[in-house]
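Me: I would like to learn how to read a model like this. Can we go through it feature by feature?

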Amino acid sequence: MPLDIETPLPYQRDSACPFDPGPRLRQAQREGPMHRYRLPNGQDIWVVTRYDEVRQMFTDPRLSSALTPLTLMLPGLGDDQLEVSPGSFVNMDPPEHTRLRRTVTSSFTARRLRELTPRLERIAENCLDGMEETGPPADFMTAFAFPFPLLAICELLGLTDAERDEFIALTGKAAAGLAATPEEAKDLVDHAHRFMLGIVTAQRADPRDGMIGMLVAEHGDELTDEEIVGISNMFLSAGFDTTANTIGLGLLALLDNPDQLALLRDDPAVLDTAVEELMRYLSVISATSGRTATEDLELGGVTVKAGEYVVPALAVANRDPAHYADPDRLDLTRPPGQQVGFGYGVHRCTGATMALLELKIAFSALLRRFPGIRLAVPREELAFRGYTMVHGALGIPVVW
Ligand code: HEM
């Protein structure tokens with residue numbers, strides 16, 4: 001369930017089109033790359049709206065992830081209610097970030113992803129089997145968009161079937177995690193922690209195939225159990241809801257653009273550019289969590305003072321007319337222009353290659369199995385998330 005407050009500017013979407021950034025955000029982009037904005041919790045931030053300045057801020061070492069409170073963009077929570085877990089390197093700066101991120105790179109080599117591909121293809125086909133058995137109609141989110149990436153991330157980590165089932169029960173409760181009350185959120189975090197600590201302890205004794213086993217076997221001396229737990233939980237949370245909603249909104253965008261859907265269905269050669277374009281067009285992470293200036297610095301023609309917060313508005317930067325011709329058109333053949341939907345710089349999404357692989361597998365399997373897939377309800381009946389970190393549809397009833 002989304003938070004019941006006004007959506008802060010960097011996350012705003014157009015009420016007429018769920019894929020488009022909101023009109024105030026567009027206006028801010030037209031006015032300049034840096035926009036001063038007061039969050040609903042009274043905190044002032046700089047919103048970065050243009051593509052060049054977003055990339056520039058992501059590579060400025062004077063902008064710190066570690067110093068940014070996790071609650072900056074979560075107006076319902078107090079500063080003491082969320083802490084950075086050991087291992088959660090998305091909230092760290094170099095050199096600590098570098099030390100931890102380095103330990104997972106071997107899970108994303110071309111060879112590892114090639115090995116993972118047939119297993120992900122099988123998972124996708126199994127999910128489609130389930131969808132075919134229950135429908136038509138079926139809710140595409142429940143039948144495919146959520147389970148496929150969830151099972152994929154369990155496969156990456158190397159969870160057993162029983163662990164996977166427990167994790168699925170846990171994520172069912174978390175659904176769109178930000179929506180929980182602070183107490184519920186804390187309970188879920190504690191539960192997820194206990195769950196993962198049990199797995200890590202078991203694998204210390206008997207490492208299995210998968211990322212957790214690899215961390216234990218190859219980096220067990222330099223990483224504490226708590227760090228391996230933090231890394232694994234970060235992967236579970238960073239890699240699931242994001243991919244699920246890109247698949248969900250991706251199908252919707254294709255249904256809204258039947259010529260593009262036909263192109264993707266009939267010409268698999270377009271897949272590589274198609275998934276990059278869907279990432280750009282949808283930008284489900286409308287904005288990342290922000291950075292704190294460690295000293296005064298110039299960015300986009302303004303002085304960001306030490307201690308001030310800077311939030312990159314990825315969705316509107318990915319529609320910057322100064323960088324993309326006809327930015328609001330979904331064009332699956334558009335040459336990839338380094339879209340910023342995965343962020344940029346040292347924190348650029350560690351799982352980007354796996355996410356793109358999942359998107360390719362998902363859309364090719366889906367359109368092969370259900371070439372005539374279409375909405376089961378009028379388009380205007382669909383509802384979308386309010387304020388959450390990951391944008392998405394609340395359900396997508398389909399027939400085929
Ligand atoms: C379409 C799906 C995805 C989207 C839109 C997405 C987006 C992002 C973005 C914007 C960041 C940068 C955060 C920042 O700079 O503060 C990020 C980081 C990260 N993502 Fe993804 N992601 C996706 C899928 C995945 C997957 C599948 C995985 C895991 C297999 C993953 C793991 C991570 C991790 C571990 C980080 C932290 C990287 C770091 O701080 O060095 N993501 N992602």
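Me: Among contacts in the protein chain with a separation of 6 or more, what share comes from residues 24 or more positions apart?

Reply: Keep in mind that this is a predicted model. The share is 72%. Contact here means heavy atoms within 4.5 Å.

Me: Which helices and strands does the protein chain have, by count?

Reply: There are 14 helices and 12 strands in the protein chain.

Me: What fraction of the residues is buried?

Reply: Buried means under 20% relative accessible area. In the protein chain, 54% of the 400 residues pass that test. The accessible surface is about 17,000 Å², with 53% of it on carbon and sulfur atoms.

Me: Why is helix 6 described as largely enclosed?

Reply: Count its buried residues. Nine of the 11 in helix 6 (residues 147-157) are buried, so the rest of the structure largely encloses this helix. Among them are Phe148, Leu150, Ile153 and Leu157. Gly158 follows helix 6, with a positive phi near 85 degrees.

Me: Which protein atom is the donor to the iron atom of the ligand?

Reply: Look for N, O and S atoms within 2.8 Å of the metal. The protein supplies a single donor, SG of Cys349, 2.3 Å away. Cys349 sits in the loop between helix 13 (314-317) and helix 14 (352-369).

Key
Residues are numbered from 1 along each chain as its sequence is written. This is a predicted model: local features need pLDDT of at least 70, side-chain atom pairs count only at pLDDT 80 or more; totals for chains, interfaces and linings use all residues. Side-chain values use heavy atoms; hydrogens and water are left out. Donors are N, O and S atoms within 2.8 Å of the metal (3.2 Å for Na, K and Ca); water is not among the atoms, so sites may look incomplete. Helices (H or I, at least four residues) and strands (E, at least two) are DSSP runs, numbered from the N terminus. Buried means under 20% relative accessible area, exposed over 50%, partly exposed in between (1.4 Å probe, protein chains only). Accessible areas come from the Shrake-Rupley method with a 1.4 Å probe; for residues, only the protein chains shown count as cover.
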